[in-house]
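Let's take a friendly walk through this protein chain, from its overall fold to the spaces inside it and on its surface. Have a look at the model first, and then read on.

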Amino acid sequence: MFLHPRWTVASKYSGRIDFRSVMDRVGGADAFETAGADQLRQGGAVGRLLQELCSVTEIDDIGSLSAVRMGDPHYPDALYDLPRAPPVLWVRGDLGLLGIRGLAVVGARSCTSYGSSIAGALGRMEALVGGVLISGGARGIDMAAHRGAMGNGRTVVVLGAGLSAQSSRFRRRFFDEILHSGGLLISEFAPHCPPSKWSFPQRNRVVAALSRGVVIVEAARRSGALITADFAHELGRDVFAVPGPIGAPASEGCNLLIQDGAQILLKTGDAIWDSRGDRLQGFPKLLALLRTGPKTLGHLSAVLNKEVRSIALEVSTYEGAGLV
């Protein structure tokens, strides 16, 4: 796929320039590619940005990636809540997931087995109700949440580097698993842009914006996950924190969030949304029946007109995910 080089230039200034204002003033994404210097300047592109936009000429070959420009049909409306939304997203996978605001689960890279199990359960539950699990693809809590969702549904990875940037063999295999499970990889950074200290906090604002709510599972006092929580709070998203032992470094950030007013997560189901954006609604029929009280397999089989064996298998899946 080929992309006009101005979008690569624009991505370098993502998070620093209000490109929505630029697009509105020049007449949209297509007009941005052909606008003259005066038009761009009137739209707010000045200084070095203006010089770079007017000097690039070579069309970018982005290979098998897709690019979603601001104003395109697939560009997520949720990102417009950001004061300086990304002008373009590079994506690989199911573009349809961009339009679904799901649950973001984030936390420490060096997590405990307890944190990993909670993150995995949240991922499984969000997937089982037809929602989308969103996280940053890092080791620890992020990966546990992604893997929990992959077995039963879909997940979105928001990267802090370009999609074609060099990464470890382990991470490449993991991203391949995400794609094979029907998931999506996205980045606001140009394909070969390497990661940096500033790119991850910038990525975190996209994670928060794409979600309806954010769960911080484990986080130290100084943690990127807390930056995600701050962005979520500023954007009006729900912020949940999983409580942990007093004095435990991995839970200190979460406990402080709760002290400062974040919602304490005592049951994993309290943070789950389905694909329509309804919390704890829209469950599959069997799960909805189970949540009304005890039922026998025979009763469920008769009501749903399904074989008992099929019902039993589905019930065991929900039990394993902690839903019943």
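The report below goes from the overall chain to the sheet, and then to the cavities and pockets.

**The chain as a whole**

Please keep in mind that this is a predicted model. The protein chain contains 14 helices and 11 strands. Its radius of gyration is 21 Å, close to the 20 Å that the globule rule gives for 324 residues, so the chain is as compact as a globular protein of that length. The C-alpha trace of the protein chain spans about 70 × 50 × 35 Å along its principal axes.

**The sheet and the helix that packs on it**

In what order do the strands of the open sheet lie? Nine strands make up this sheet, in the order 3-4-8-7-6-5-9-10-11, and their pairing is mixed. At the edges are strand 3 (66-69) and strand 11 (263-264), each of which pairs on one side only.

Strand 5 (residues 102-106) and strand 9 (residues 211-216) run parallel and are joined by five bridges.

Two cavities of 30 Å³ or more are found in the structure. The largest cavity is lined by Leu97, Leu98, Ile100, Arg101, Ile134, Val156 and Leu210. Six of these lining residues are nonpolar and one is charged, with no polar residues.

Which residues line the second largest cavity? They are Leu89, Val158, Leu159, Ile186, Ser187, Glu188, Arg203 and Val206. Strand 8 (184-187) and helix 9 (199-210) each contribute at least two residues to this lining. By class, the second largest cavity is lined by five nonpolar, one polar and two charged residues.

The largest pocket has a volume of about 400 Å³. It is lined by 24 residues, and the closest to its centre are Leu159, Ala165, Ser167, Arg171 and Phe175. Helix 8 (169-180) and helix 9 are the elements that give two or more residues to this lining. Which helix gives the most to the lining of the largest pocket? That is helix 8, with five residues.

The second largest pocket has 18 lining residues, and Arg109, Arg203, Asn204, Gly224 and Ala225 lie nearest its centre. Helix 9 and helix 10 (224-234) each supply at least two residues of this lining. Here helix 9 gives the most, with five residues.

The table puts the volumes side by side.

| Space | Volume |
|---|---|
| Largest cavity | about 40 Å³ |
| Second largest cavity | about 30 Å³ |
| Largest pocket | about 400 Å³ |
| Second largest pocket | about 290 Å³ |

The pocket linings can be described by class as well. In the largest pocket, the lining has 10 nonpolar, seven polar and seven charged residues. In the second largest pocket, the lining has eight nonpolar, six polar and four charged residues.

Key
Residues are numbered from 1 along each chain as its sequence is written. This is a predicted model: local features need pLDDT of at least 70, side-chain atom pairs count only at pLDDT 80 or more; totals for chains, interfaces and linings use all residues. Side-chain values use heavy atoms; hydrogens and water are left out. On a 1 Å grid over the protein atoms alone, a cavity is a set of points where a 1.4 Å probe fits but cannot get out, and a pocket is an open set with protein on both sides within 12 Å along at least five of seven lines; lining residues have an atom within 4 Å of a point. Grid points are joined across faces, edges and corners, and a volume is the space filled by probe spheres set on the points. Ala, Val, Leu, Ile, Met, Phe, Trp, Tyr, Cys and Pro count as nonpolar, Asp, Glu, Lys and Arg as charged, and the others, Gly among them, as polar. Helices (H or I, at least four residues) and strands (E, at least two) are DSSP runs, numbered from the N terminus. Two strands pair if DSSP finds at least two bridges between them. The radius of gyration is taken over C-alpha atoms; the globule rule is 2.2 Å times the number of residues to the power 0.38.
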